[in-house]
Amino acid sequence: QLGQRLTSSNNRPREDSWLKSLFVRKVDPRKDAHSNLLAKKETSSLYKLQFHNVKPECLEAYNKICQEVLPKIHEDKHYPCTLVGTWNTWYGEQDQAVHLWRYEGGYPALTEVMSKLRENREFVEFRKARSNMLLSRKNQLLLEFSFWNEPVPRSGPNIYELRSYQLRPGTMIEWGNYWARAIRFRQDGSEAVGGFFSQIGQLYMVHHLWAYKDLQTREDIRNAAWHKHGWEELVYYTVPLIQEMESRIMIPLKTSPLQ
């Protein structure tokens, strides 16, 4: 028994060291902000991602007023913002609407739009009507990864997948380094729409937006990636960086620029 205890005691530091190596990630200290290292340099665009949980009986009415009002803001040059896409979730959280906006000019553009919308009588009435239809809402301000495609309008029909990752604090740079290589395995087709990371709201959040013709095409494309040399290794190294992840399959509204 004493021999067993000694053996166990001698092995424990080695086991503890091995376990710690799985969870302790070494990152070189940097003076730059994550946003400066990971975001596109040639653009100062800021993105807002909105999640609206709608009362089930109100979803049709909610979609109707969104399709009447949101495109007007998108098309009006008075507002320095663009509606990138607007969807209802199909699989994932039910009775949920997702909106993605781009603000050309960063935070000043966001402030300008918000200020002008407070004076827009139609939008004020829209918000009042919308508030009676919602159970809850949440938003995040995002920047786009420098190595992802710029999200641009596309014709359909497509389904969209929004894959959301809650990363372990301190691992955003590592994630960016790995995905700068991993995205190359997924750009043979046109499924990569955009990649973003949060600045305000829930922090250390990453969102990858993909487009597929249908669920079977999604399955085929994702399976094909595993046959490409190097993909498996990148997945192996990125999985330990994740605390939680979520997938939403979404259907675009008729007025969405991403169809």
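A pocket here is an open set of grid points with protein on both sides within 12 Å along at least five of seven lines, and its lining residues have an atom within 4 Å of a point. Keep that in mind for the tour. The model is predicted.

**Stop 1: the largest pocket**

Select Arg163, Tyr165, Trp179, Trp231 and Val235. Of the 17 residues that line the largest pocket, these lie nearest its centre. The space inside comes to about 300 Å³.

Now colour the elements around it. Strand E5 (159-167), helix H6 (172-182) and strand E7 (205-212) each supply at least two lining residues, as do helix H8 (231-238) and strand E8 (242-252). Which element gives the most to this lining? Select H8: its share is four residues.

Next, colour the lining by residue class. You will find 12 nonpolar residues, two polar and three charged.

**Stop 2: the second largest pocket**

Move to Lys48, Gln50, Met114, Phe123 and Arg130. They lie nearest the centre of the second largest pocket, which has 15 lining residues. Show the elements that give two or more residues to this lining: strand E1 (46-54), helix H3 (59-75), strand E3 (96-103), helix H4 (107-117), helix H5 (121-131) and strand E4 (134-144).

The volume of this pocket is about 230 Å³. By class, its lining holds eight nonpolar, three polar and four charged residues.

**Stop 3: the strand pairs of E4**

Opposite Leu142 stands Ser198 in E6.

**Stop 4**

Select Cys66. Is this residue buried or exposed? Cys66 is buried, because its relative accessible area is 3%, and the cut-off for buried is under 20%.

Go on to Cys81. Its relative accessible area is 4%, so Cys81 is buried as well.

How many disulfides does the count give? The count comes to zero. A disulfide would need a pair of cysteine sulfur atoms within 2.5 Å.

**Last view**

Colour H8 for the largest pocket, where H8 gives four lining residues. Then label Met114 and Phe123, which are among the residues nearest the centre of the second largest pocket.

Terms used: Residues are numbered from 1 along each chain as its sequence is written. This is a predicted model: local features need pLDDT of at least 70, side-chain atom pairs count only at pLDDT 80 or more; totals for chains, interfaces and linings use all residues. Side-chain values use heavy atoms; hydrogens and water are left out. On a 1 Å grid over the protein atoms alone, a cavity is a set of points where a 1.4 Å probe fits but cannot get out, and a pocket is an open set with protein on both sides within 12 Å along at least five of seven lines; lining residues have an atom within 4 Å of a point. Grid points are joined across faces, edges and corners, and a volume is the space filled by probe spheres set on the points. Ala, Val, Leu, Ile, Met, Phe, Trp, Tyr, Cys and Pro count as nonpolar, Asp, Glu, Lys and Arg as charged, and the others, Gly among them, as polar. Two strands pair if DSSP finds at least two bridges between them. Buried means under 20% relative accessible area, exposed over 50%, partly exposed in between (1.4 Å probe, protein chains only).
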